[in-house]
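I opened the model to look up two things: the contacts between the chains, and the surroundings of one residue. My entries follow.

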Amino acid sequence: MSELAAVSEEEYAKVCDFLYRRTGMLFTEAKRYYVQRRLSERMAFLRIASFATYYAYLRSDVDGEIEKFINSLTVNETYFYREEHQLRCLSSDLLNERAEAKRPGEALRIWSVPCATGEEPYSIAMWLLENWPEVDVRDIEIVGSDIDTACLTAAREGEFAQRALMRLSPGLIAKYFVPTGENRWRILEDLRRSVQFTSANVTDRAQVRAHGTFDVIFCRNVLIYFDDASRRVAAENLFECLVPGGFICLGHTESMSRISPLFEVRRFADAIVYQRPPEDGHG
Amino acid sequence: MPLIRRPSPPVEAAAPSRSLTEGTADQRWAAVRAAAERPDAVPSLAAALAQESDPRVREAIFTGLARAATAESAEAVAAYVRSDDAGLRRAAIDALRAMPMASRPHLPGMLADPDPDVRLLSCELLRDLPQADSNPLLIGLLERESSKNVAAAAVEVLAEIGRPEALPVLNRVAQRFGDDPFLAFSIKLAVDRIGRS
């Protein structure tokens, strides 16, 4: 492990400001060790000794350094069927309600953002195949997006360690995965090809809008990384790419009501979710 | 497999109107959101806010001003903390909270406002400031506060972020409002918490 690079208070503030402007992620003094550790690792890898040199390298985005640095800072550990109650809510309530509003042949669109290494969008796909009776008569598009491009590469590969599968029954693992080595599993080719993976930062309006509109968005445990202003921007971006009546599911510690009044709270048997009002009722 | 995959179609939104104050609410929303991405948009957003009646568009304007986080944007928002419309007051406070450093210069005036509602709402903004800034402001407010509700709001914030120098004023407030059991309870809680921290 590399030693911690010497970074002054001013330099730390500089790099945090740079990260905030590029990603909306807010790193406070409390995260200093974490950021400094990642910084040191990048500097050691590039054989750069001084912060000033690295910062110039970063700002100039030499060899895609901005993306590499951001990738090193994102937390991507997750697992299949995480927060299963929201998946139950998806198949019991949300999709039925959205399906009723669709024209014949119109696809239901689901967005998992951020999707990390793909566990969530693949979980959604598996869950619907197993638990939503209409899955055979409806077109369903699932898109997984993340700011971390290394994660997206892994997601497209669809290979996972045993640990990511800890919530799945042996039957599900046998049905949807093939073993690739000791404690390694790869998701079935058909399933892998059914999920589209793209790069997106939820605070970037143009990137979000490029994804079209969705019926359900899973946006779990990312807004907590933003400050109030970026959270509001992200909420409005997500509002814009939900169809009227569409739903957004947040992580269990997050509340949209504390971020934006644009959404209505919907309480279902399995989960509380947020909804873009079905008809905005103005215009 | 019923799951399909195809390239995402971009969002089909209403074309933004050329002005932030003309067109349908959807068009104004689109215009405001596009304008908010430009650093020079504060004057036009502030002007639009004065005319806008749609809550959703207003919210987008507040977000745009909060995102700018300049002295000018904070000043434009702070004016609405004194609005007669409770929703607008609330939205203004939320926007000021989203730009704590830009809001900071407005706090002494807001905490001394003749309207107790303005003083009460302003107390919430102090939670997000460094303690060295927030404690003197809360102490100053409590020294002169005549409204029990405002005093209770300030005490509640002090219970979270108070430092030992706030203890004397808390004792004086307890004497001034000695007949109010809720305030007495809140003050005891704040004193205990500050004492333990």
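Entry one, the interface. I looked up the contacts between the chains and found 27 residues of chain B in contact with 33 residues of chain A; contact here requires C-beta atoms, placed from the backbone, within 7 Å. On the chain B side, strand E1 (3-4), helix H1 (25-35) and helix H3 (55-68) each give two or more residues. H3(B) gives the most, with six residues. I note that helices are DSSP runs of H or I with at least four residues, strands are E runs of at least two, and both are numbered from the N terminus. By class, the chain B side holds 14 nonpolar, three polar and 10 charged residues. Nonpolar covers Ala, Val, Leu, Ile, Met, Phe, Trp, Tyr, Cys and Pro, charged covers Asp, Glu, Lys and Arg, and polar covers the others, Gly among them.

On provenance, this is a predicted model, in which local features need pLDDT of at least 70 and side-chain atom pairs pLDDT 80 or more, while totals for chains, interfaces and linings use all residues. Residues are numbered from 1 along each chain as its sequence is written, with chains lettered from A and ligands numbered from 1 in the order in which they are written.

Entry two, strand pairing. I found E2 (residues 140-146) of chain A parallel to E1(B), paired over two bridges; pairing needs at least two DSSP bridges. Glu141(A) stands opposite Ile4(B).

I located Val35(A) in helix H2 (residues 32-46) of chain A. Is Val35(A) buried or exposed? Val35(A) counts as buried because it has 20 C-beta neighbours inside 10 Å; the cut-offs are 20 or more other C-beta atoms within 10 Å for buried, 12 or fewer for exposed, and partly exposed in between. Leaving out residues up to four places away in sequence, Val35(A) touches Val15(A), Cys16(A), Phe27(A) and Leu73(A).

How values were computed. Two residues are in contact if their C-beta atoms, placed from the backbone, lie within 7 Å.
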